[in-house]
Amino acid sequence: MNKRDFLKTVGAASILTFLSPSDVFGIHNDNSKKVLILGGRGFLGPSIVKEFLTSGYEVTLLNRGKTNTHLFNNLPIIICDREKENKAGLKAIDKKYKDTYWDIVVDTWQKSPKAISDFLDEFKGRIGHYHYISSISVYGNWNKKFITENDPLKSLPKRPESIAEGMKHRYALRKTFAEEAIREQIDNYTIYRSHGMRDFRSVDPSNIIDEPFWPIRFYRGGEILLPHVKNHHIQAVDVKSLVSFIVLCSHQNTFGEFNIACEPTPFKDYVSSLIHATAMPEKLYWIDGEFLIKNGLIPYKVVPFWKPKPEGSYYFNVQKAVEAGFVHRPLVDMIKDQIEGYKYRYPKNDIIFGKQSDGQVKYYSLEHEKEIIKKWVSRQR
């Protein structure tokens with residue numbers, strides 16, 4: 001299929017103008033409510049800070065003062081290390097901040113769940129609305145489609161009693177422990193179970209596995225292979241859309257747990273958005289999935305956004321969030337942001353995918369892709 005033919009399949013929905021919930025619901029805060037952002041300088045943090053500032057809130061940051069220290073130096077910053085045992089970091093916070101009533105607290109923590117519990121205990125009675133960025137990884141069973149917020153979470157071992165003990169658990173358990181602590185200690189919370197956040201920024205700029213493979217691949221252009229797989233869907237969440245929803249929930253006092261992502265989207269529609277965002281591919285080769293696997297392109301491990309098992313991987317139910325006002329931007333806008341972020345980090349467009357110097361395989365190289373396309377074309381003849 002060539003580019004011209006593929007573009008004919010594009011639906012009108014991909015070119016709709018996006019309006020954030022802040023615009024739709026007229027969120028402009030006149031009361032200068034006090035917002036405390038725990039973190040605020042890494043990955044999605046700056047987007048959260050900017051959205052609250054734009055919406056008229058009075059923002060303060062609480063972090064260690066070690067990440068992206070050039071950001072938001074005009075805002076009050078509480079230097080605090082929540083990873084210190086026995087709440088040592090929290091207890092050292094200046095009394096004027098400890099005595100402040102925070103209308104809104106936003107917590108992006110993903111490390112020791114004990115840090116969550118310690119913070120809530122130390123600031124007990126001084127939080128109006130607590131927001132926590134969690135993950136769909138908290139669900140116990142992904143072997144069915146359309147998991148809702150009422151489905152069982154992971155079974156937990158004994159709760160960690162120290163910061164260090166909590167750090168020993170894997171990511172999914174840390175998030176589940178954190179949610180458990182929140183529900184036990186307060187009831188004025190909103191939990192956002194995010195699903196693969198995408199943004200201008202990268203989670204870890206030093207790790208190429210966190211770079212957006214498909215947007216980069218289409219930005220580079222040329223002949224591109226794509227997995228031809230039955231019922232192939234993708235799902236992710238645009239950070240700007242998530243952040244707008246956080247502000248909306250703050251404004252409307254919306255509490256509870258929410259799955260946050262775009263609706264399950266056919267992979268071909270995602271490819272359509274990639275084409276619109278880049279207009280770069282010369283030719284697309286839709287290649288049988290089994291053929292790709294035989295040639296080393298393993299789903300998910302090597303080829304992103306292709307995960308046939310567990311069955312529910314890209315089919316989480318987000319209806320509850322949508323009904324509460326969550327609006328996901330068109331994927332093409334999310335992809336454009338990702339490409340601009342990549343160009344900022346790699347102005348020479350010189351990132352190399354494939355086998356790395358340490359022997360690890362991170363996505364696949366252009367050379368490997370060309371070899372597979374050549375084999376596939378030969379086979380078809």
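The legends below describe close-up views of a predicted model.

**View 1. Helix α3 packs against helix α10 at an angle of about 45°.** Helix α3 covers residues 45-54 and helix α10 covers residues 239-252, and their axes lie 9 Å apart. That angle makes α3 oblique to α10. The crossing of the pair is right-handed. From α3, the residues S47, I48, E51 and F52 take part in the contact. They meet V239, V243, S244, I246, V247 and S250 of α10. By type, the contact residues of α3 and α10 comprise six nonpolar, three polar and one charged.

**View 2. Helix α3 is largely enclosed by the rest of the structure, because seven of its ten residues are buried.** The buried residues of α3 are G45, P46, S47, I48, V49, E51 and F52. Among them, S47, I48, E51 and F52 also belong to the contact with α10. After α3 comes G56, which has a positive phi near 90°.

**View 3. The side chains of K87 and D121 are joined by a polar contact of 2.6 Å.** K87 is placed in the loop between β3 (77-79) and α4 (88-91). Is K87 buried or exposed? Its relative accessible area is 15%, and buried means under 20%, so K87 counts as buried. Which residues does K87 touch, once its neighbours within four places in sequence are left aside? They are D118, D121 and E122.

**View 4. Helices α9 and α11 cross at roughly 50°.** Helix α9 runs through residues 213-220 and helix α11 through residues 267-278, and their axes come within 9 Å. The two helices are therefore oblique to each other. Where α9 passes α11, the crossing is right-handed. On the α9 side, W214, P215, F218 and Y219 make the contact. On the α11 side, the contact is made by F267, Y270, V271, L274, I275 and T278. Sorted by type, the residues of this contact between α9 and α11 are nine nonpolar, one polar and no charged.

**View 5. The loop between α12 and α13 holds F305 and P310.** This loop lies between α12 (289-294) and α13 (319-323). Most residues other than glycine have a negative phi, and most peptide bonds are trans. F305 is not a glycine, yet its phi is positive, near 60°. With a relative accessibility of 5%, F305 counts as buried. What kind of peptide bond joins K309 and P310? The bond is cis, with omega about -5°.

**View 6. Y363 has a positive phi of about 65°.** Y363 is a residue other than glycine. Its place is in the loop between β15 (361-362) and α15 (366-380). The relative accessible area of Y363 is 8%, so Y363 is buried.

How values were computed. Residues numbered from 1 in each chain as written. Predicted model: local features only at pLDDT ≥ 70, side-chain atom pairs only at ≥ 80, totals over all residues. Heavy atoms only, no water. Axes fitted to C-alpha atoms, helices over the stretch in contact; angles between N-to-C directions. Helix = DSSP H or I, 4+ residues; strand = E, 2+ residues; numbered from the N terminus. Parallel < 35°, antiparallel > 145°, perpendicular 65-115°, else oblique. Left-handed = near helix turned anticlockwise from the far one by under 90°. Contact = heavy atoms within 4.5 Å. Nonpolar A, V, L, I, M, F, W, Y, C, P; charged D, E, K, R; others polar. Buried < 20%, exposed > 50% of the residue type's maximum accessible area, 1.4 Å probe, protein only. Polar contact = N/O pair within 3.5 Å; in protein donor to acceptor, adjacent residues only side chain to side chain.
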